[in-house]
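Please keep the sequence and the structure open while reading.

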Amino acid sequence: MDPHLDPTTAIIGSENEKPLSPMEVDEPVAVTDHQAFAEKHLADLGQEEEDFAVCTWKISGWRSLDKRITGPEFECGGHRWRILLFPFGNSNGQPNDMVSVYLDYADPKGSPEGWHVCAQFALVISNPHDPTVFSTSQAHHRFTAEEMDWGFTRFNELRKLAIPTDGRSRPIIEDDSANVTAYVRVLKDPTGVLWHNFINYDSKKETGYVGLKNQGATCYMNSLLQSLFCTNYFRRAVYQIPTEGDIPSDSVALALQRVFYLLQTSDQPVGTNELTKSFGWKSLDSFLQHDVQEFNRVLQEKLETKMKGTAADGAISRLFVGKMKSYLKCVNVDYESARSEDFYDIQLNVKGMANLQDSFRDYIQVEMLDGENKYHAEGYGLQDAKKGVIFEKFPPVLHLQLKRFEYDIEKDAMVKINDRHEFPMDIDLGDYIDKESPEALQPWKYKLHGVLVHSGDLHGGHYFALLKPEKDGKWFKFDDDRVTPVTDKEVLEDNFGGEIPNGHLGGQIGARAPVRAMKRFTNAYMLVYIREAQIDEVLKPFAPEDTPSHLRERLEDERLQMEARKREREEQHLYLTVKLITEDTFRGHQGFDLATFEERNLPATELPTFRVLKNELYLNFKARIAAQYNLPEASIRLWVLVNRQNKTVRPDTVVPETDPNLTLETVRDRMASRQHDLRLFLEILNPDIQHSDANPSMMIFLKYFDTSRQTLLGVARVYVQRNMKVGDLVPTINELMLWPPTTQVKLFEEIKPGMIEQMKPKATFAQSEIQDGDVICFQIELSEKDAHEYESQSLYSNPIQFYDFLQNQVKVLLKPRYDDVDYKTEFELTLSKKMTYDMMSAKVGERLKHDPFKLRFTTANGPNGSPKTVLKRTANQTVNEIISPSYVQGQASLLYYELLDVSIIELETKRSLKIFWTGAHNKEESVHSFLLPKTANINEVADHLSKLVELSAEGTRRIRVFEATANGKQQREINGTEMIGNIGENAELFAEEIWPEELNISEDDKVVNVCHFSKDVSRTHGVPFKFVVKRGEKFTETRKRLQSRIGVSDKDYAKYRFALVQSSTYKQPTYLEDDDVLYEHKFLPDDVLGLDHTDRSGRAGRYGNAVIQDKGIRIRS
């Protein structure tokens, strides 16, 4: 029997339900009073009851009962039940110490396949003469064919039931008799998934929909994607974007099309890795939760751009964009100042609002400007006025953001608002439309289509979506990879927030209600409503022709390929891989052995590879190889390569051809044990050479070290007798190489990596311990003078040196340190780990045709490759110490280089500075580099700079040098006397011409910092600047001076918005109106004026500390 639910303590009938005063008496409810007992001991689970039944089973002769007995069957909710009793326990503990009792489903064979029933029950053992003396426990369970009984393994101790305890005057089991009662409440399960354990649950089969896999913390994205997918008009528009030639990982549109298509057609949860790759996200981004509203806006902006000029052009605006009007209207004179703007969503307050209608009324609430706060109307002077916003038009699909996360001024922190906030299935928004709008007379009734839910607190939690994909269909819960049906109550009441009503404890086991109401942490934060008049168009069912044929064909091909790969994996145990070395691959190989197989720092040699059945006959395989290479079968032999103990891989034995039943698996297992793949050498026999078993010859391989070319390549294989002398090879080599017969040749044996030894010409091959498959390297003998000449040029004069280089070789990728330089060459060099800094510099200088002493190198910061530390030139430092290769960097380690105008020796006493010049109008006009003594000060830098830049004819002609701090929001001016040697190595410096207003400032004026940002204050861009704020000046005038300060055209400036950005990181920016007086704000040191506009600089996130903060969601093209 499966383990069963086990409460820590069963509830005893004579116990008090709550602490009592001495005068209070809590009368126990008798087990026979069915209604009162059920009300007291069966908690209200908030589910509708289908049927209720009570069955009492009278038991006598307890001590003589069998170990397992069942009570009489009874009916409840159309199902047969019975009590299952273990009078002496059903646990693995001490025998006879506990009583175990369960509710058992009595008729599993008579029930249909896949049956289930949800039941809440209480099991009671009571005194046969006094029904107020009892022990009870309650539970609820989904009974299925896999779990047909449920109850309590440790219901109560047998000894406690058999004696009067806990203040009872009599025992529960009295005269060896007791009554066992089952209270059973069968509950309705309208969704079919109540208390489901979701083992083997099939979303597609149960709902017709599939979920999305969570990559780590992408549930916020999944909930929005499912909402957009279920908005059929949007899905059609996405499908209309032309993507035939796109690559999914580089195209947001294609990746989203693929996700949508797979959600339509797949029967398994769909992955989103390709989509997030197309966003340009790294794996870490998938473990960061973001704001759904921001993600939605960024995604829509990206798709709108992709839709331009296509059949889908304007679809997003038509679907999601509404219009609202901000106005200032005078009460006593006929004057109104109004501005219309588009919106994609509406942010509504939750705190203090009982329901959605309250939130809308709050949004359009009118503010009176009167008394000291009167409005200055042009031509009318100070006037009483009404200020507010009103809607001119709502979109077909309305996204409402409920402000569940807000800044709490008392706690000085962001908090989640879990207050109750009700929203309806249907809402009429006509009351919130401007009565003067031409759209005012149209119907503005909306139906709820989606509820996006957050469960948790400010610091984390989980997101899921409740959606109604069809106009008259059911509601479903899209929770990452699982989709389940839900009730209207689960859509509405369960997500209003607030407190859990007393008694409705959901799955809580204890029967009694909590003393204090519990807060709900699961509530709606985004609502999706669809306009009733357009719902048929928005949710129009999908037809096959709505899906682009290229997408269907592409994904069908991929599906077939995936199935083939799956089949291949499933059948992998039937196959083995054969890798073939030919004479051509040997001749093209530079390295140890005949090919590179498993070298950590080097790529494996590309060899002809065959996937063959393990039981394929060797002779059949040999015939296939002969046919492939167009050779007679009799002219080839195949040798098995083995892993020798000295870590080399060499041909060892010819595969015998005497057994016609020999399989490839047997060849591998017998002749190449401890190998996963079978590696073979293809020998093409020379008809002029006779092989005799009586006098066997050895096959050895020859490599030639070419000193002039600095290469080591395979030449040929030759056959030698064991008693031949090593020197006898020289004439053969001279003949092979077409050298004069008198050419002096040196021979070396390639024993193993790190062990290359010169051979003695007079020793025999047997004395030299040469065997089949060994490698001998040769070179033309050099004079000492020639050898010294090679070595003086950092070249290798013999194979021993060259093999050492091969063993220590490392590939280094070199890239320019800065993007804004003329030289763009990226290249890969093969260096020895033993090389010094100067040797490496010489190699790089040779490649770049640049003086090696005028090169400077910077190491890379791990796998992301950002520049880390400038290398100091030291005498003994080796390449191995410089690069510290990491397995995450792949085959090549990374170094950055700079081409300098001066020697790095001279540079040690000087400091290189790069300064971005922003001129008088805060424009990044140019970049200037300086090399000055470390003792030079900033005033000297400004002097040098003044000769290179153009200063304003009517300007101050004075230069300020500064750093951008506070994530690009403020300037930190560098004192003119500051020595440049004291400025941080990685400091990014800017310089500007000081604006005249700063020099002519009066005592009443203030100088404030101004920064540029885009939508979110953490997403700063551009360069901060100083600006003079004047006493009493309305912002309408301040705006004009700002425009003059930054020199922006009227057309571009019209798109700017202006906000007061306060020092608290949690405070939202306060956007300024024309009548605001900026001077009146009490500026704290970190408060700045923010210009909110699109970043066209291409330098977003340039500031070092921007990396630490959440930079917002970005989706690349």
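Helices (H or I, at least four residues) and strands (E, at least two) are DSSP runs, numbered from the N terminus. The model described here is predicted.

## A nonpolar surface patch

By this numbering, Val366 falls in the loop between helix 10 (356-363) and strand 14 (367-369). Val366 has a relative accessibility of 39% and therefore counts as partly exposed. Together with Val331 and Met368, Val366 makes a nonpolar surface patch of about 230 Å².

## Strand 7 and its two partners

Is strand 7 largely enclosed or open to the outside? Of the 11 residues of strand 7 (residues 116-126), 10 are buried, so the strand is largely enclosed by the rest of the structure.

Strand 7 pairs with strand 8 (residues 134-144) in the antiparallel sense, over 11 bridges. In this pairing, Ala122 is opposite Gln138 of strand 8. Strand 7 also pairs with strand 10 (residues 178-187), again in the antiparallel sense, over 9 bridges. Here Ala119 is opposite Val186 of strand 10. Strands of a sheet pair through backbone hydrogen bonds, either parallel or antiparallel.

## Strand 22 and its pairings

Strand 22 (residues 445-457) is joined to strand 21 (residues 426-428) by 3 bridges, and these two strands run antiparallel. Asp428 stands opposite Lys445 of strand 22.

Strand 22 pairs with strand 26 (residues 522-531) as well, in the antiparallel sense and over 9 bridges. In that pairing His454 stands opposite Asn523 of strand 26.

## A mixed sheet with a helix across it

An open sheet is formed by 5 strands in the order 33-32-36-34-35, with mixed pairing. Its edge strands are strand 33 (711-720) and strand 35 (755-758), each of which pairs on one side only. From one strand to the next, the twist averages 30°.

Within this sheet, strand 32 (residues 698-706) and strand 36 (residues 775-780) run parallel and are joined by 4 bridges. The bridge partner of Leu702 in strand 36 is Ile776. In a regular strand the side chains alternate between the two faces of the sheet.

Which helix lies across these strands? Helix 19 (residues 799-808) lies across strand 32, strand 33, strand 34 (745-752), strand 35 and strand 36, and runs at about 115° to strand 33.

## Salt bridges

How many salt bridges does the model contain? The count comes to 55 salt bridges, with a side-chain nitrogen of Lys or Arg within 4 Å of a carboxyl oxygen of Asp or Glu as the rule.

Asp774 forms one of them with Arg644, and the closest N and O atoms are 2.6 Å apart. Asp774 lies in the loop between strand 35 and strand 36, and Arg644 in the loop between strand 29 (636-643) and strand 30 (649-654), so the pair ties together parts that are 130 residues apart in sequence. Asp774 counts as buried because its relative accessibility is 2%. Arg644, at 17% relative accessibility, counts as buried too.

Another salt bridge joins the side chains of Lys834 and Asp804, at 3.0 Å from N to O. Lys834 lies in the loop between strand 38 (827-832) and helix 20 (837-848), while Asp804 lies in helix 19, so this pair ties together parts that are 30 residues apart in sequence. Asp804 has a relative accessible area of 28% and is therefore partly exposed. Elsewhere, salt bridges that share partners join Glu583, Asp584, Arg587, Arg637, Glu683 and Arg717 into one network.

The side chains of Lys489 and Asp494 also meet in a salt bridge, at 2.9 Å from N to O. Lys489 is partly exposed, with a relative accessible area of 40%. Asp494 is likewise partly exposed, with a relative accessible area of 23%.

## A buried lysine

Is Lys969 buried or exposed? Lys969 has a relative accessibility of 14%, and the cut-off for buried is under 20%, so Lys969 counts as buried.

Lys969 lies in the loop between strand 44 (959-965) and strand 45 (970-973). Leaving out residues up to four places away in sequence, Lys969 touches Asn1009, Val1010, Cys1011, Val1017, Thr1020, Pro1024, Val1061 and Val1088.

How values were computed. Residues numbered from 1 in each chain as written. Predicted model: local features only at pLDDT ≥ 70, side-chain atom pairs only at ≥ 80, totals over all residues. Heavy atoms only, no water. Buried < 20%, exposed > 50% of the residue type's maximum accessible area, 1.4 Å probe, protein only. Pairing = 2+ DSSP bridges. Axes fitted to C-alpha atoms, helices over the stretch in contact; angles between N-to-C directions. Contact = heavy atoms within 4.5 Å. Patch = residues over 30% accessible without salt bridge, like charges linked within 9 Å, V, L, I, M, F, W, Y side chains within 5 Å. Areas by Shrake-Rupley, 256 points an atom, 1.4 Å probe, with all protein chains shown as cover.
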